[in-house]
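Hi everyone, thanks for making time this morning.

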Amino acid sequence: MNQARLAAIVQSSDDAILSKTLDGIITSWNKGAERLYGYTEAEALGKHVSLLSPPELPNDIPMIMSKLRSGDQVQHHETTRIRKDGTRIEISVSVSPVHDLAGNLIGASTIARDITARKVAEETLRKTEKLAATGRLAASIAHEINNPLEAVTNLLYLLRKNPSLDEKGRKHLSFAEQELERVAHISKQTLGFYRQVSSPSRIDVARTLESALSVYTHKLEGRNIRAETKWESGTEIQALAGEIRQVFSNLIANSIDAMPRGGTLTLKVSKSHDWGNGNRRGVRVVIADTGSGIAPAQQSKLFEPFFTTKRDVGTGLGLWVSKSIVQKHEGFIQVRSSVRPGKSGTVFSVFLPESKPASVAA
Ligand SMILES: Nc1ncnc2c1ncn2[C@@H]1O[C@H](COP(=O)(O)OP(=O)(O)OP(=O)(O)O)[C@@H](O)[C@H]1O
Ligand SMILES: [Mg+2]
């Protein structure tokens with residue numbers, strides 16, 4: 001093959017192909033290298049290859065160069081490089097020695113391919129599988145502990161009725177009840193989502209929200225939280241009642257937790273159009289509080305499983321489960337929050353489409 005054709009092939013290759021001297025100075029740079037690393041040929045020629053080396057891997061390139069100089073092969077391997085704009089890329093590289101006509105080693109050529117997308121896909125798959133496995137495990141554990149849980153609840157109830165229980169015994173009993181409630185909460189969070197087998201029915205969203213709220217009346221009073229409600233009539237949708245109720249219950253509980261020194265909890269239900277793309281009819285639910293707010297850095301993590309700032313009382317599953325439920329109903333959930341002193345608070349908005357989505361066949 002003649003030199004010109006070879007050069008043309010190198011130039012048009014999808015892979016990044018570059019060559020360098022034994023000292024690491026770049027001597028050729030094809031279009032693929034321009035695309036992969038973001039430097040033009042003019043910018044790259046004459047520079048040292050360490051240009052592409054991320055600061056956290058300072059020994060990577062020197063090691064490759066010293067191996068080459070001593071005549072060793074550099075095996076095909078995967079590593080990280082840094083682009084001109086500072087972003088990291090995962091690449092698969094192979095480095096081969098280049099000899100002159102007399103057979104002297106004069107440099108090396110490198111062929112690199114971007115495998116970032118593949119790495120991301122692998123990582124996502126790993127996370128998803130882990131999550132699915134965790135979910136299944138959680139559901140089966142929750143299922144298994146529900147019966148003994150109920151038995152213990154009944155036993156504690158009987159114990160409380162026992163007149164021979166002294167003051168100290170009552171105190172211990174209170175602690176036991178609190179801890180039991182926590183176990184029951186964890187079990188409900190996990191089991192509720194994974195094991196609901198009822199089928200979707202026509203539900204009134206405002207009534208569902210009202211009934212979720214009623215459970216917290218006592219807590220609201222104790223915390224000095226004022227509840228403001230605004231329902232529109234005719235807010236009906238096709239949904240799994242128990243799951244939607246769980247979403248509302250989670251959001252209300254979070255708002256209450258965020259207002260330890262009181263505040264206002266605002267609940268609104270209205271007929272709405274999907275404010276994302278506008279052509280689906282449905283219901284909008286707003287749950288807002290004047291609580292502590294959520295710091296910007298934490299907002300992106302809210303819906304991740306096990307993310308919690310409530311060390312002793314939270315499982316960090318509430319929002320993750322809620323989002324999963326809403327998505328299953330082909331709706332979406334959004335959050336706005338501010339931590340500005342005096343004006344802090346959080347607004348969760350949920351859109352639920354009116355018609356029965358096919359995917360809600362339980
Ligand atoms: N209304 C809110 N105001 C302030 N922070 C909130 C609010 N809602 C959620 N958060 C933050 O998001 C985190 C995650 O919420 P999530 O409901 O998923 O878990 P959790 O409430 O910590 O535990 P649980 O699983 O028991 O609900 C909370 O720990 C809290 O830091
Ligand atoms: Mg919660």
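Let's start in a loop: N224 sits between α8 (217-223) and β7. Helices here are DSSP runs of H or I with at least four residues, strands are DSSP runs of E with at least two, and both are numbered from the N terminus. The phi angle of N224 is near 65°, which is a positive value in a residue other than glycine. Is N224 buried or exposed? It is exposed, with a relative accessible area of 62%. For those labels, buried is under 20% relative accessible area, exposed is over 50%, and partly exposed is in between, using a 1.4 Å probe and protein chains only.

Before I go further, a word on the model. It is a predicted one, where local features need pLDDT of at least 70 and side-chain atom pairs count only at pLDDT 80 or more, while totals for chains, interfaces and linings use all residues. Residues are numbered from 1 along each chain as its sequence is written, chains are lettered from A and ligands numbered from 1 in the order in which they are written, and side-chain values use heavy atoms, with hydrogens and water left out.

E330 counts as partly exposed, at 37% relative accessibility.

Now to the sheet. Which strands form it, and in what order? Five are involved, making an open sheet that runs β7-β9-β10-β12-β11, with mixed pairing. Its edge strands are β7 (225-231) and β11 (332-338), each pairing on one side only. Two strands count as paired if DSSP finds at least two bridges between them. From one strand to the next, the twist averages 15°.

β11 and β12 pair in the antiparallel sense over 7 bridges, and Q334 of the pair stands opposite S349 in β12. Two helices cover this sheet. α9 packs on it and touches β7, β9, β10, β11 and β12, with a direction about 25° from that of β10. α11 packs on the sheet too, touching β11 and β12, and its direction makes about 25° with that of β12. Contact, by the way, means heavy atoms within 4.5 Å.

How do α9 and α11 meet each other? Their axes come within 9 Å and cross at roughly 145°. Axes are lines fitted to C-alpha atoms, for helices over the stretch in contact, and angles run from 0 to 180 degrees between N-to-C directions. On the α9 side, the contact residues include I244, V247 and L251, and on the α11 side they include L319, I325 and V326.

Next, what lies inside. The largest nonpolar core has 37 residues, and L209, F248, L251, I252, L265, V285 and I287 touch the most other members. A nonpolar core is a set of buried Ala, Val, Leu, Ile, Met, Phe, Trp, Tyr and Cys residues joined through side-chain atoms within 4.5 Å. The elements that each supply at least two residues include α7 (205-214), β9 (263-273) and β10 (281-289), while the largest share, 6 residues, comes from α9. Take F248 as an example: leaving aside neighbours within four places in sequence, F248 is in contact with V205, T208, L209, A212, V285, I287 and L352. Apart from this core lies another, of 17 residues, with L36, A44, L52 and M65 among them.

That M65 takes us to helix α4 (residues 60-69), whose buried residues are D60, I61, I64, M65 and L68. Just after α4, G71 takes a positive phi of about 85°.

Last stop: β1 also pairs with β2 (residues 26-29) in the antiparallel sense, over 3 bridges. The two make a hairpin with 4 residues between them, and G24 in the turn has a positive phi of about 95°. Within this pair, L18 has W29 of β2 as its bridge partner.
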